[in-house]
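Hi,

Here is the model I promised to pass on.

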Amino acid sequence: MKNPADTRRITLARRLACNLPAWAVARASGMTTEALEEVMLERGFDELVSSMAELMAMEEQARLKKLFRIAQEVLANAIVSRDPRACEFMLRQTELKRNPHKTLQRGLNATIKAEMAKAERARAEIDAGTLTPETPPPERPEPFDFTKQPTTLAEAIAACEAAAALPPDRHLDPVDARLYRAAGALRRQMLREEVIHHGVAEHEAAERRNVPLELEEVEAIEAAQVAEHGRRMARQEAEKAPKPAKA
């Protein structure tokens, strides 16, 4: 079942991970800056933004490799827990001769790249001064009336253009529409799994910084310090030595 609050939370984290100002993220999300700040104070939101930023900072091949591993974990967990939508998704991908892990990997990678591209455009507008906190939000166009039968060529073209602009989850096949939503839920689970991966990696890095040095490392550091002390003493002796008189 799609959770709108969870989806919006992930979208906000994705936009903040692009280093956009809070007011620009709030404006793009149709909310006030105060409401965004309340979300930013929620437990675990900082970790979500941090893990998103890490994914965006990666080279694309490294990011794809990581997303593929996470997709494998998420699908394996879904199958073990007997998630019917995940099982149906995998069967449908097999029928289409597709790798379900690559489908999730590429879908999430495309979402991340699209968010980064939108952030670049927004930053360019901010730098040019055309986008400021005082800029009014664009007016939303009126929804197209698909119940009206086109009577002219222009109306038929407009209907085709409106249909092409529909979100990609508007599948005509109800099975494909249901499985598209299932894939979206799996991609959101991948992001939650990435937060766990990111937290574990940071914890391990912190532990490595606090681990006492091995004996060989201590000896190497001491040897380097002794050598540096010897060089320093040699320079001091050379400076104290009388200089030969000029002929």
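**Gln105 and the helices around it**

At 8% relative accessibility, Gln105 counts as buried (buried means under 20% relative accessible area, exposed over 50%, partly exposed in between, with a 1.4 Å probe and protein chains only). Gln105 sits in helix α7; helices (H or I, at least four residues) and strands (E, at least two) are DSSP runs, numbered from the N terminus. Leaving aside neighbours within four places in sequence, Gln105 is in contact with Leu64, Lys65, Leu67 and Phe68, where contact means heavy atoms within 4.5 Å.

Some housekeeping before the rest. This is a predicted model, so local features need pLDDT of at least 70 and side-chain atom pairs count only at pLDDT 80 or more, while totals for chains, interfaces and linings use all residues. Residues are numbered from 1 along each chain as its sequence is written, and side-chain values use heavy atoms, with hydrogens and water left out.

As for the overall picture, the protein has ten helices and zero strands. Of its 247 residues, 27% count as buried. Take the contacts between residues at least 6 apart in sequence: 68% of them join residues at least 24 apart.

**Helix α5**

With 21 residues (60-80) at 1.5 Å a residue, α5 should span 30 Å, and its end C-alpha atoms are 30 Å apart, which agrees (the expected span is 1.5 Å times one less than the number of residues). Which residues of α5 are buried? They are Arg63, Leu64, Lys66, Leu67, Ile70, Ala71, Val74, Leu75 and Ala78. Seen down the axis of α5, these buried residues fall within an arc of 165 degrees, so they line one face of the helix; the arc is that of the directions from the helix axis to the C-beta atoms. Gln61, Lys65 and Val80 are exposed on the other side of α5. Just after the helix, Arg82 takes a positive phi of about 60 degrees.

Apart from neighbours within four places in sequence, Lys66 is in contact with Glu54, Leu55, Met58 and Glu194.

**How the helices pack**

The axes of α5 and α7 (residues 100-128) come within 8 Å and cross at roughly 130 degrees. Axes here are lines fitted to C-alpha atoms, for helices over the stretch in contact, and angles run from 0 to 180 degrees between N-to-C directions. The α5 and α7 pair is therefore oblique (under 35 degrees counts as roughly parallel, over 145 as roughly antiparallel, 65 to 115 as roughly perpendicular and the rest as oblique). Residues making this contact include Leu64, Phe68 and Leu75 of α5 and Leu104, Leu108 and Ile112 of α7.

Helix α4 (residues 45-57) and α5 also have axes that come within 8 Å and cross at roughly 130 degrees, and are therefore oblique to each other. There, Glu54, Leu55 and Met56 in α4 meet Arg63, Lys66 and Leu67 in α5.

Finally, the axes of α6 (residues 84-95) and α7 come within 9 Å and cross at roughly 100 degrees, so these two are roughly perpendicular. Phe89, Met90 and Gln93 in α6 meet Pro100, Thr103 and Leu104 in α7.

Cheers
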